[in-house]
Amino acid sequence: MPTRLNSTPFVSSFMRFTFAALSLAFASASFAQTAAPTTVKVGNFTKQTVGTVTNINEGDLGCYVSLKDDQGKAFEELADFAICEKPKSYLGRRVSLSYTMSSVMADSCQGDPSCKKTRAVALVQSLTVLGAKTTGSTSSPVASAAPAALSGQASFCTAQETVVFSCRTGVKMVSVCASKNATQSKGYLQYRFGKPDSNEAPELMLPEGQLTANKAASGETVPFAGGAGSWLRFKKGSYSYVAYSGVGKWGPKGETREKNGLVVERSGKAVANLKCTGDATSELGPEWYEKMGVQPKGDEDFLFPD
């Protein structure tokens with residue numbers, strides 16, 4: 001009579017193996033979903049992209065944001081000054097961080113306003129609050145910010161205004177707008193900065209009233225090797241916001257290159273350089289300055305950033 005094999009141990013072992021394999025596969029899949037990359041390479045810097053804001057303080061170089069990552073490890077980032085204007089919007093909230101390369105005063109300057117040395121930093125351009133998952137809700141964290149490259153707004157100027165200068169600096173945009181009738185004796189000039197495509201007013205507008213160009217700002221065009229550059233400075237208290245545009249032989253081997261962007265100054269010291277991340281529109285030049293009567297005030301000047 002044939003011997004009947006007892007299959008129970010084999011089946012039990014097979015089931016245990018199958019269950020273990022399925023558990024491992026499920027755990028691996030779950031890990032793959034929850035362990036998405038939380039860092040990004042910005043220039044030579046590796047930066048966190050998600051964290052919970054624990055504190056926000058304004059400093060000499062920018063807005064200092066203290067955070068904790070999802071594992072509870074604390075870290076700090078230097079952010080755009082605008083983030084310090086609305087700290088309650090971020091405190092205690094889980095946010096995603098968007099960066100751009102910028103230039104700030106070098107540590108070796110020790111706060112000396114005459115020092116021209118700078119260092120490159122990965123500056124936090126924006127914080128996007130992530131939707132927290134609540135009890136009884138099936139929603140998951142979602143960031144609402146759209147990539148700047150997909151946005152269509154070209155400036156903060158209206159159809160009744162002239163775009164004097166405008167460009168995107170990461171997720172933000174800087175625009176200088178003038179009334180169509182602007183001259184040195186009539187019309188107005190205004191600096192505007194904020195997040196485009198949001199259907200909201202710009203975060204900062206200078207001056208707050210409608211002043212003629214020569215009262216609203218100062219600036220000039222200066223010659224360079226192989227070109228020229230123009231700068232336009234708007235002031236508010238101890239801060240200044242300088243839109244700049246120029247062409248010169250700034251390449252590594254003397255090639256002609258463009259420079260466009262916004263420098264933020266505090267008490268006369270450059271604390272941030274927000275370079276244009278796309279095409280810039282600029283009407284700045286000798287004819288414009290002459291027509292508007294805009295010129296430097298006293299002995300002020302501007303050092304174009306590297």
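Mentor: Let's start with a term: a disulfide is a pair of cysteine sulfur atoms within 2.5 Å. Keep in mind that we're looking at a predicted model.

Trainee: Okay, how many disulfides does the structure hold?

Mentor: Three. Take Cys-157 and Cys-177 to begin with: their sulfur atoms sit 2.0 Å apart.

Trainee: And why is the disulfide of Cys-157 and Cys-177 left-handed or right-handed?

Mentor: Look at the torsion about the S-S bond. For Cys-157 and Cys-177 it is about -90°, so this disulfide is left-handed. The pair links distant parts of the chain, with Cys-157 in the loop between β7 (118-129) and β8 (161-169) and Cys-177 in strand β9, 20 residues apart.

Trainee: Are Cys-157 and Cys-177 buried or exposed?

Mentor: Buried means under 20% relative accessible area. Cys-157 has 14% relative accessibility, so it counts as buried, and Cys-177 counts as buried at 0%.

Trainee: Which cysteine is joined to Cys-167?

Mentor: That's Cys-276, with an S to S distance of 2.0 Å. The link is left-handed, with -70° about the S-S bond. Cys-167 belongs to strand β8, while Cys-276 is in the loop between β16 (269-275) and β17, 109 residues apart. Both cysteines are buried.

Trainee: What about Cys-63 and Cys-84?

Mentor: They form a disulfide too, sulfur atoms 2.1 Å apart. With 90° about the S-S bond, the link of Cys-63 and Cys-84 is right-handed. Cys-63 lies in strand β4 (residues 63-68) and Cys-84 in the loop between β5 (74-79) and β6 (94-105), so the pair ties together parts 21 residues apart in sequence.

Trainee: You mentioned β8 and β9. What is the strand order of the open sheet of five strands?

Mentor: Read across the sheet, it goes β11-β10-β9-β8-β17, with antiparallel pairing. The edge strands, β11 (204-206) and β17 (281-282), each pair on one side only. Inside the sheet, six bridges join β9 (residues 172-179) to β10 (residues 189-194).

Trainee: Now a side chain. Where is Glu-300, and is it buried or exposed?

Mentor: Glu-300 is in the segment after α3 (286-292). Its relative accessible area is 14%, so Glu-300 is buried.

Trainee: Which side chains make polar contacts with the side chain of Glu-300?

Mentor: Among them is the side chain of Ser-218, at 2.6 Å. The side chain of Arg-233 is another, also listed at 2.6 Å. Ser-218 is 82 residues from Glu-300 along the chain, yet their C-alpha atoms are separated by 9.0 Å.

Definitions and conventions:
Residues are numbered from 1 along each chain as its sequence is written. This is a predicted model: local features need pLDDT of at least 70, side-chain atom pairs count only at pLDDT 80 or more; totals for chains, interfaces and linings use all residues. Side-chain values use heavy atoms; hydrogens and water are left out. Two strands pair if DSSP finds at least two bridges between them. Helices (H or I, at least four residues) and strands (E, at least two) are DSSP runs, numbered from the N terminus. Buried means under 20% relative accessible area, exposed over 50%, partly exposed in between (1.4 Å probe, protein chains only). A polar contact is a pair of N or O atoms within 3.5 Å; within protein, one must be able to donate a hydrogen and the other to accept it, and residues adjacent in sequence count only if both atoms are side-chain atoms.
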